Every structure is written in structure tokens, then in C-alpha cells.
Amino acid sequence: MRHLKHRSILGRSKEHRAALMANLSAALLTHGRIRTTVAKAKALRPFVERIITLAVRASKVEGADALHLRRQAISKVRDVEAVRILFKDRVSEFQSRPGGYTRIYKTGPRIGDAAEMALIELIAGADTGYAKSRKGKTVKAEAAPAEAEASVAEEAPQA
């Protein structure tokens, strides 16, 4: 079966794609925010979030287990300095966050070739995002039974 086999190919070979993800993730972990194409940002998001999860898990254990997790991250990112920054400095921001460490903003087309560009950034640990509003179906669904009861109550006295 082919379950969970889909990956963003990005028009590159497997080795080239691995190198691309390593370079993009190292830049994101070092700078906190990078500008790239939407397709690359969408492919980078799960890659980086797995690396950050390794760092969070390593912060909860000690000794050989933490070293193993750090070496796993280095094997994927290929930049020892970026992994050091993540594991020592930035991991404390993500301790209380259960996932969703990155955010993608679309910024419009690039001037040269009209490729859709995006800004991908690491989210601060204290950031709760925006509050979701209740609208549409839920309000109408609650109002519909109340209207039906009112119309039944009006018809009963007339009969």
C-alpha cells in the first residue's frame, strides 16, 4: 500500500531535495524567518517541525538519549551550528507548545518569474494565534430550532 508515501518532489532528485531541505532548515533555524517559494515553504514545514520535535524531546531526557536525538537532527540538517542554536537557545520557546512551530505567510508573486512567494517563520512559544470566531452554520443551526418552536407556539392558539 502507498499510505503516507506522498512527498513534495519540487522537480528535484532525492539527494538534491534532501540538500535543499537541509539548507532551508538551517537558514530558518539560524535566522528565524526566511523568504522562499510557497511550494518550498510547504515542503519545509513538516521537515523543520520534526527537527524541532527532536529538540523538545531531547530537552526532556538526559545523557545518551539526548545525544542520540541531537545527532539525528544533525544528520538531517547538516549544519552543526544551526542545530546547536536550536537545541541550546530556541528549544525553551517550544517546550509548552504541542506542535505547529512554524507559520507561512503568502507574500505575492516574485517579479522575475511570477513564482508565488511566501515567508515562513518560527512561531514564538507564547504566541496563541488569533481567536477563531463562531459564524455561519453554528449560529444558524442554533437559531433554526428556536424559530421552529416559536412558529409552532403561534399556530397552536389559532387552532
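**Exercise 1. Which residue stands opposite E116 in strand 3?**

Solution. This is a predicted model, where local features need pLDDT of at least 70, side-chain atom pairs count only at pLDDT 80 or more, and totals for chains, interfaces and linings use all residues. Residues are numbered from 1 along each chain as its sequence is written, and side-chain values use heavy atoms, with hydrogens and water left out.

Step 1: Strands are DSSP runs of E with at least two residues, and helices are runs of H or I with at least four, numbered from the N terminus.
Step 2: Look across from E116 and you find P109.
Step 3: Strands 2 and 3 pair (DSSP finds at least two bridges between paired strands) in the antiparallel sense, over 7 bridges.
Step 4: In their hairpin, with 6 residues between the strands, A114 takes a positive phi near 65 degrees.

**Exercise 2. Check what helix 1 should span.**

Solution.
Step 1: The expected span is 1.5 Å times one less than the number of residues.
Step 2: For the 18 residues of helix 1 (residues 14-31) this gives 26 Å, and the end C-alpha atoms are 26 Å apart, so the two agree.
Step 3: Just after helix 1, G32 has a positive phi of about 90 degrees.

**Exercise 3. Find the side chain of opposite charge nearest to R90.**

Solution.
Step 1: Locate R90 in helix 4.
Step 2: R90 is buried, meaning under 20% relative accessible area (1.4 Å probe, protein chains only; exposed is over 50%, partly exposed in between).
Step 3: Lys and Arg count as positive, Asp and Glu as negative; His and chain ends are not counted.
Step 4: The answer is E93, 5.0 Å away, and R90 has no salt bridge, which needs a side-chain nitrogen of Lys or Arg within 4 Å of a carboxyl oxygen of Asp or Glu.
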